[in-house]
Amino acid sequence: MRRIIFLVLFLVGCGPTAEQLASLPTRAPLPEEVRPLLFWQTESGNLTGVDDINYWQFAGTAGDNIFIRTIRSGSDVRLILRQGANTVIDVTNELNVILPASDTYRLEVIALSGASAYDIGLGYGDRPNPNDTTSTPLPATVGVPTPTPPFSSLGEFITQLDTSRDFTELLTSTSPQHVYTIQGIAGQVINFELYRIAGTFDPVLRFYDADGNLLAMDDDSLGNRNARLLNILLPQDGLYTVQVDGKDLFGDYTLIYVDEAIEIVPDPLPTVASTEVASYATPMLRFASPDQRLEDHVPTINSIVREGDFQRFSFFAEAGERISLVVEPLDGSQFIPQFEVFDPDGAQIALASGVDVNADEGAAIANGVIIGQTGAHIIIITGESNTIGQFLVSFGRGSTVRDVYQGVPPSNEQIVGIFEQVGSRHVWQLPLNPNDVISVAVSPNDPLLDPVIELVTADGDVVYADDDGGIDNAALLQLAEITVPATYLLRIYDETGTNKGSYTVLWNYVTLAPTPTPIPSLTNLLVIDDVVTEGQYQFYAFQGQAGQRVRIEAIADGETALDPVIAILNPRGDIILEADDSPNSLNPSTFLTLPEDGTYQVRVNGYLSGGDFILTVAQVYD
């Protein structure tokens, strides 16, 4: 079915000429120039002279029939209603309009001929004022007090809350917001939790006082998009209202009401601390089943128990890769190993025996074999001269086949390491922190030894490596900058993997990172997942107490161009703190000790930008 949307405009009064309208200036307002305009509430403004502009802002829903009226003591005023960069209507003195979209709208009030003080009111043109006891469908003037509570503008009334209990209800397209009331007493502390049970809706809680003023709100403080209002202090006796909203999405929910204060448990956060040495797990020697695939630097045990038998294993390698294999008899075994290596097509690519000139203490060694074809390769092991017994088979990528743990070397102290077997790679541990800068030098004590050093993360990623950066065959990492806290591995091995002997290792800090500052514990008071368009300002309310320390931060979605800016307004609407960027980030994050009890607002806008963001206000426990 095709839908036709009519935009109905009712223009009242005589407007200026086209030439007059074109001559009036337009500009984006500064954040502090924009004031909120609430439904069914009278506000006052003052224009100092011709072309002076006042800015107002309100949130509207697509299809709402709204009116804005002014009562003036001076000249006529021009009213321009804008949705983002689009002008919705441009009239004189008062307007009626059906809103084209669910969005935040900005109203510009402009003096046409001179100074003018005025009252201004916003209402719905197709529904009665909830506080008007007469039968008049539209208020004749804007001077009608705010209703208590404003049920008609907040949603469908469900029930009045008297004691702590749970409610399970359903938001639908015909009932998209629900309203509950509380007959509160000054000084009483209450709590709400809102959980999505089924459907797609995104739970939002808003809490209003007896005069219809927004005291507090929340979107995501409980995680998983569930909302919470924590320990709300009622400032006076009266009928309070809590609204359940789903952001125009629908489903089942549970609202939990607690009519007393609850103990606050700070949200657990990791405390940044210096890296401690993690336990090094030396691979266990395990029995290798026949045809088992060998793992990189993980030696395994097997045996040949009858003369003339053989054992077969496999490994995977890629074309161009360099690999090494070592088969050696276990202590006490009379086995003399020999093996052949075949590529995926069955061609022999390596042959080694424990009696070769390259053999080391009876071990058969094929070192630095260059792989010509990607795929599974086969190693066939037999006993030279029909010998039998147990053996160890080791496979490695590169020139080594086994890791030998050496410990944690102290900084700025020379330590000697000894390669006692060919194909060995020594592993040292270094506990490092972000912003550490270190140097490492390894010098051979044996003329045939050509040491290589690698600095490796706990996940096995090589971040720095060197072979001959020092004098002669010495290896040197002159400046290694650390960005991630971890126990790093310092791996040292002979470049060919065929030489034994000793080396000296020396490492030290070029720059030692300062001791990390512990992160304070936090409890979220307000978490909002929202979007702001360029040139618009969003306001979010939370309740605070004098002396309470809070952290306020706005984090832009990484896929948007938003550069968020925040301002904190005290209970009287004065800006007491503004924040833009943080170190190394466009996202503002700031701390504030609240000066008084009451409802504070956080204003969010984008600097020449718009996009999605998450706003968080959290109580800090130092």
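To follow the pocket talk below, picture a 1 Å grid over the protein atoms alone: a pocket is an open set of points with protein on both sides within 12 Å along at least five of seven lines, and lining residues have an atom within 4 Å of a point. Grid points are joined across faces, edges and corners, and a volume is the space filled by probe spheres set on the points. This is a predicted model, where local features need pLDDT of at least 70, side-chain atom pairs count only at pLDDT 80 or more, and totals for chains, interfaces and linings use all residues. Residues are numbered from 1 along each chain as its sequence is written, and side-chain values use heavy atoms, with hydrogens and water left out.

**The second largest pocket**
- The volume of the second largest pocket is about 450 Å³.
- It is lined by 21 residues, and the closest to its centre are Leu 285, Glu 328, Leu 392, Arg 402 and Gln 421.
- β29 gives the largest share of that lining, 4 residues, while β23 (322–329) and β29 each supply at least two.

**The chain overall**
- You'll find 2 helices and 45 strands in the protein chain; these are DSSP runs numbered from the N terminus, with helices (H or I) of at least four residues and strands (E) of at least two.
- The chain has 622 residues, and 47% of them count as buried (under 20% relative accessible area, with a 1.4 Å probe and protein chains only).
- Take contacts (heavy atoms within 4.5 Å) between residues at least 6 apart in sequence: 75% of them join residues at least 24 apart.

**Nonpolar cores**
- A nonpolar core is a set of buried Ala, Val, Leu, Ile, Met, Phe, Trp, Tyr and Cys residues joined through side-chain atoms within 4.5 Å.
- The largest one holds 26 residues, and among those touching the most other members are Phe 58, Ile 66 and Leu 81.
- Elements that give two or more residues to this core include β4 (53–60), β5 (65–72) and β9 (103–111).
- A second, separate core of 24 residues includes Leu 230, Val 550, Ala 554 and Leu 562.

**A look at Thr 400**
- Thr 400 sits in the loop between β28 (389–397) and β29 (402–407).
- Its relative accessible area is 2%, so Thr 400 is buried.
- The side chains of Thr 400 and His 297 make a polar contact (2.7 Å), meaning a pair of N or O atoms within 3.5 Å, where one must be able to donate a hydrogen and the other to accept it.

Notes:
Buried < 20%, exposed > 50% of the residue type's maximum accessible area, 1.4 Å probe, protein only. 1 Å grid on protein atoms, 1.4 Å probe; cavity = no way out; pocket = protein on both sides within 12 Å on 5 of 7 lines; lining within 4 Å.
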